[in-house]
Amino acid sequence: MVWPIAAVVLCWLAPGWNWWFPAGPSGTGAAMSPLGERIDDLFYMILIITTVTFVGTQIGLGYVLFTGARRSDQPEDAEGEKAWFSHGSHNLEVVWSIVPAAVLLFIALYQMEVWAEYRVQDAFPKQVIRTGPLAEVTARQFEWRIRYPGVDAEGNPLELKPDPQPTDLYTVNDLRLPSSQPVMIWLRSEDVQHSFFLPELRVKQDAVPGLVIPVWFEAIKSTEYSMLCAELCGWGHYKMKSRLVATPEDEWRVWLQELQVEQNYDGVSDESNDE
Ligand SMILES: [Cu+2]
């Protein structure tokens with residue numbers, strides 16, 4: 001019984017110690033995105049179901065072992081204590097087929113809405129469908145290359161085109177996007193399979209060579225988040241640790257304008273004359 005008890009105690013304590021979910025900018029393991037909170041609720045629901053199942057089956061196992069040992073001790077008053085075999089019991093087979101199937105079906109149906117919002121483009125928030133992607137993130141061995149649209153004369157971001165444009169702007173390992181609103185990126189891979197992972201936002205999506213995968217998320221706080229590769233993609237896999245910086249939208253626009261000035265600077269002319 002040591003292991004079941006240890007498992008239950010650990011299940012109980014792990015969330016408080018941030019073993020279950022990583023401690024993000026909030027200092028706790030709390031999800032930093034609205035959809036992430038709902039994903040966490042699903043995790044906890046499944047954790048409770050598996051804990052109850054695990055403890056229940058261990059208690060059942062303990063009970064069977066205990067009563068079996070007691071009966072074999074006293075073979076002389078075996079009357080009425082005849083060994084009972086469950087093997088071939090139709091009723092038991094039906095019960096332990098239907099109950100797990102019902103539990104799995106319940107989980108499958110219960111998570112469908114969150115899954116759809118996360119992965120199915122038609123169910124994405126209307127805002128990201130309207131505004132389109134704000135950046136393209138391309139994974140490669142071993143870094144994240146990020147492409148943003150340039151800004152027009154008024155300082156508004158242009159539309160991000162599927163193919164690189166002369167007006168595009170670039171960063172490496174530094175993804176910057178507006179906070180407190182759903183934003184979308186295009187995810188690609190240049191070489192092998194990588195996995196775009198924002199642990200605090202509960203976003204994890206494979207980057208697959210040849211595919212352009214739209215990914216959306218919403219950072220509820222303006223701060224810096226971890227951006228990792230969650231797929232062992234080669235010797236330098238660890239070097240893909242980078243960051244997502246979420247800022248209010250006006251600050252993000254100013255940053256994009258500054259990036260444009262910086263990247264268009266020819267290194268000769270007086271920078272102040274260009275503006
Ligand atoms: Cu990688």
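Student: How many residues has the largest nonpolar core?

Tutor: Please note that this is a predicted model. Among the residues with the most contacts inside the largest nonpolar core are Ala 135, Leu 177 and Tyr 225. The number of residues in this core is 40.

Student: Why does this core lie between domain 1 and domain 2?

Tutor: The domain assignment gives domain 1 as 2–71 + 89–118 and domain 2 as 126–264. The core lies between them because residues are given to it by both domain 1 and domain 2.

Student: How many residues of domain 2 are in contact with domain 1?

Tutor: The centres of the two domains, taken over C-alpha atoms, are 34 Å apart. Domain 1 contributes 10 residues to the contact, and by class its side has six nonpolar, three polar and one charged. From domain 2, the number in contact is 11.

Student: Which strands are at the edges of the open sheet of five strands?

Tutor: The sheet is mixed in its pairing and runs in the order β4-β10-β9-β6-β7. From one strand to the next, the twist averages 25°. An edge strand here pairs on one side only, and the two are β4 (174–178) and β7 (203–207).

Student: Which residue in β10 stands opposite Tyr 225?

Tutor: Strands β9 (residues 224–229) and β10 (residues 242–247) pair in the antiparallel sense over four bridges. Leu 177 touches several residues, including Ala 135, Trp 252 and one residue that also answers your question. Opposite Tyr 225 stands Leu 244.

Student: What angle does the direction of helix α6 make with that of β4?

Tutor: Helix α6 (residues 249–264) packs on the sheet, where it touches β4 and β10. With the direction of β4, that of the helix makes about 135°.

Notes: Residues are numbered from 1 along each chain as its sequence is written. This is a predicted model: local features need pLDDT of at least 70, side-chain atom pairs count only at pLDDT 80 or more; totals for chains, interfaces and linings use all residues. Domain bounds come from an automatic or database domain assignment. Two residues are in contact if their C-beta atoms, placed from the backbone, lie within 7 Å. Ala, Val, Leu, Ile, Met, Phe, Trp, Tyr, Cys and Pro count as nonpolar, Asp, Glu, Lys and Arg as charged, and the others, Gly among them, as polar. A nonpolar core is a set of buried Ala, Val, Leu, Ile, Met, Phe, Trp, Tyr and Cys residues joined through C-beta atoms within 7 Å. A residue is buried if 20 or more other C-beta atoms lie within 10 Å of its own, exposed if 12 or fewer, and partly exposed in between; C-beta atoms are placed from the backbone. Two strands pair if DSSP finds at least two bridges between them. Axes are lines fitted to C-alpha atoms, for helices over the stretch in contact, and angles run from 0 to 180 degrees between N-to-C directions. Lists of a residue's contacts leave out its neighbours within four places in sequence.
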